[in-house]
Amino acid sequence: MTTDTTTSQAPARDTVLDATGVTMRFGGLTAVSDVDLTVGGGEIVGLIGPNGAGKTTFFNCLTGLYIPTEGTVSYRGKVLPHRSHLVTQAGIARTFQNIRLFPNMTVLENVLVGRHTRTKEGLVAALLRGPRFKKAERESEDRAMELLEFTGLAAKRDHIARNLPYGEQRKLEIARALASDPGLLLLDEPTAGMNPQETRATQDLVFAIRDQGTAVLVIEHDMRFIFNLCDRVAVLVQGRKLVEGTPAVVQGDERVIAAYLGTPFEGEPGEEELAEVEAAEAHSTARTEGDDTA
Amino acid sequence: MTMTTTDTTRATAPATAPGALPLPAGAARAATAAGAVLTFASTFLAWTWTGAFPGNLTVTGYPGGLQVLTLTGALLTTLFLLAGHGIRGLRWLTPGGTNSPVVLLALGTAAVTWYAAGAIAFTLGGLVNLEPGGWLAAAASLLTAVAALGLPADTPADPEHPPTDPWQRLRHSLRAPAPARARTLPSWAEILLIAAAFAVALYVFTYGIATEYGELFVGFLLLTLLAVPALAKAGLLRRVTALTAKHRNVSITAAFVAAAAFPFLQSDNEFTSIAVNILIFATVALGLNVVVGLAGLLDLGYVAFLGVGAYTAALVSGSPFSTIGVHFPFWAAVLTGAAVSLVFGVLIGAPTLRLRGDYLAIVTLGFGEIFRIGMQNLDGISGPSVTNGSTGVPQIPDLELLGYNFGEPHTLLGFEFTRSANYFWLMLIITVVVVSVFRRSDTSRIGRAWVAIREDETAARAMGINAFRLKLMAFALGATLAGLAGTVQAHTVSSIDPEQYKFVEAVPPNSAFLLAAVILGGMGTVGGPLIGAALLYLIPAKLQFIGEYQLLLFGIALVLLMRFRPEGLVADRRKQLEFHETGQLDVPDTDGDTPGKPGLSKAEA
């Protein structure tokens, strides 16, 4: 972990993802406008921005779910086609903001589906069940179990995915994405809805993924999570990239604060009002506590 | 009334919940036993005075027809009651619930008996035609059923929501605990048990198919429909399933042997022709299950692929009415039929499978009709002369394989086998091929990808699955399997015409009934379409008297089934969980609703 903080100062070691001038228009609405972003090998890059800033749209452009109106996305120097399964085959895997597991398949089966691009056995092989098919199935299962161990879900391999608790569904989605042996993992709000312990566990998991040599691009709203985790953070506001830099640079940028917290407006409650509200709250709390003891 | 109910609830609540009727447990048990024995005895009396009602119910001392069914029901009720009471040597019958099977069996017996009494009165024109034996049977079976409803429930009531009204209590009293883990027997004993189970299943099926008149078939259906759930509640079905899962190859062989033995059970093979048709219907339904059950593609014109295979085989069969004067050997005809179906599958699938959702359903519906009308018009008048239009291709010659003529009766082991038995065995081989194709593709990388596409296509694409290619593969495989069955169908029916391949009509196979067999039986399973097809074929074939109401009754039955058992008769593990939230044993129930509400946990965090 410590070694990587030093390498993070020189991000352009070998570029894994290079998105240039990505623009996405839906009719008259420009959701993403001329965004450039690079992710280097072994790097964790964060993408933040207020709701509706175009983060997920940008993700969908990267993974071929949307065809960007303008701009190109390349992975390790090769321009990616606009087909979701080919992007995954090239080496970019993703998770979804609203978990999209295969809800009625088992945990193991979910991860095995993730192995799809890394195995070749077709229908004929499945029908003939030759030794090569069996070997490939066994290897897929071994790799899937390895990933389940890695994410701590091995004990739940035969559970149905929809029955997992929320945090484990998130983990399973990551395990499934990792099953395609990606060079870059895109995480869309991996800690949404998690409690602080789960968030910390996710943070460790992302570090462990990076340590295995997979670069990570992560969208998140939890600022503490992002600033702890990322080597570099890009801020997207209204479809444009506002700032990009180390967590320290981004945290200190006034435009970012304004974008997130908003600029003061007229008639905003002044300090007096705030003090009044606080006093009233303190009073009511004290009274309820008193009631409890009585 | 309410007072007494609450009182009995309180009296028995600590140990067990009461049954559907508030009766003391001991009295209920005694009355059930007495009723069952009395019912049993009544089947030896004459129920009616004349032989005008089918089944010879007039002889005292010799049960016949519907009486046999009542007798079986009463006997089973007694056996399960004794087993539940802990009689040594019978306890293996009830590893799960003890009283709930008795309730179901008593209800089944009463249903059969009352149906018999009603049918006698209706057919012969009045209750006066019932002999005292019939009255006794009706009264005794009613007593059994009422007393059985008073038996305490197998599972303790939920203390927070005790069942209050009689309907809730009935539902609760039918709930049964899962059977305890079975003692491991030596494997030869387990294999014998599997063989016995398949033998019983074969016997029951043969009995049903060989019922000679509609009343007997209705009685059979009533008893089976309540006895099978009774066996499930008793935990026997789960025991058998566990055994078959453990010895899979043995079970598959046993099932195959049981099916192959079917023609041996009839002296004159008269019901084998029904069995061939069931097998054709079931095989095509299983092929459709690849498309609908695994890949989740709704195909409303599937019977057209059966037609493509059948027409291809007919045209190359050397029939004098074939417009192509060629005669392929059977193996070549099978391959040609399957290949032509495959080509049609790809031609229909390629332009439409890129789209999502219901477009495919519309296109396949159209294709089904286009096929039928196309075959009608390729008659040399409206179009080129290929298919003889509505005449079709009659006089398809019988097959001859390695000198074995399928059209002639053969004698084997002292049994005489007719033409339909020959085709039955041939079709059985095709069924086995389709079953193994289904199972092998299901448990492979391809099958997982199909299920993934069905579950969430966007996520499947994001996992690197070429959804279009895999959907096309499923569609083409389904078409090929139907074509394969079609080649045998053409020879079996020996005359084909476009009217056999409609979207919906009274006689299966047709597209609507194929789809119904899959959904009713259970999507994504092997057994489901087989059972569904057997039921959908047998019911109209046996119940001629429902005649023109057949489609109406079929519709009502489908609606009821979808309301009460949406996963179908044979539930796929996945489907069962989809429709019943907390069905899984290895996960605490409370986990079930957490993932459904991410918003809630988000707010809490």
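Helix α11(B) is mostly covered, with 21 of its 23 residues buried (under 20% relative accessible area, using a 1.4 Å probe and protein chains only). This is a predicted model, in which local features need pLDDT of at least 70, side-chain atom pairs count only at pLDDT 80 or more, and totals for chains, interfaces and linings use all residues. Residues are numbered from 1 along each chain as its sequence is written, and chains are lettered from A in the order in which they are written.

**Helix α11 of chain B**

- Helices are DSSP runs of H or I with at least four residues, strands are runs of E with at least two, and both are numbered from the N terminus.
- The 23 residues of α11(B) (272-294) should span 33 Å at 1.5 Å a residue, and the end C-alpha atoms are 31 Å apart, which agrees; the expected span is 1.5 Å times one less than the number of residues.
- A kink of about 35 degrees is centred on Leu288(B), the bend being the angle between axes fitted to the seven residues ending there and the seven starting there.

**Sheet of chain A**

- Six strands form an open sheet in the order β6-β7-β8-β3-β9-β10, with mixed pairing (pairing requires at least two DSSP bridges between two strands).
- The edge strands, each pairing on one side only, are β6 (92-94) and β10 (240-245) of chain A.
- Strand β9(A) (232-237) pairs with β10(A) in the antiparallel sense over five bridges, and Ala234(A) stands opposite Glu244(A) in β10(A).

Note on methods: Side-chain values use heavy atoms; hydrogens and water are left out. Buried means under 20% relative accessible area, exposed over 50%, partly exposed in between (1.4 Å probe, protein chains only).
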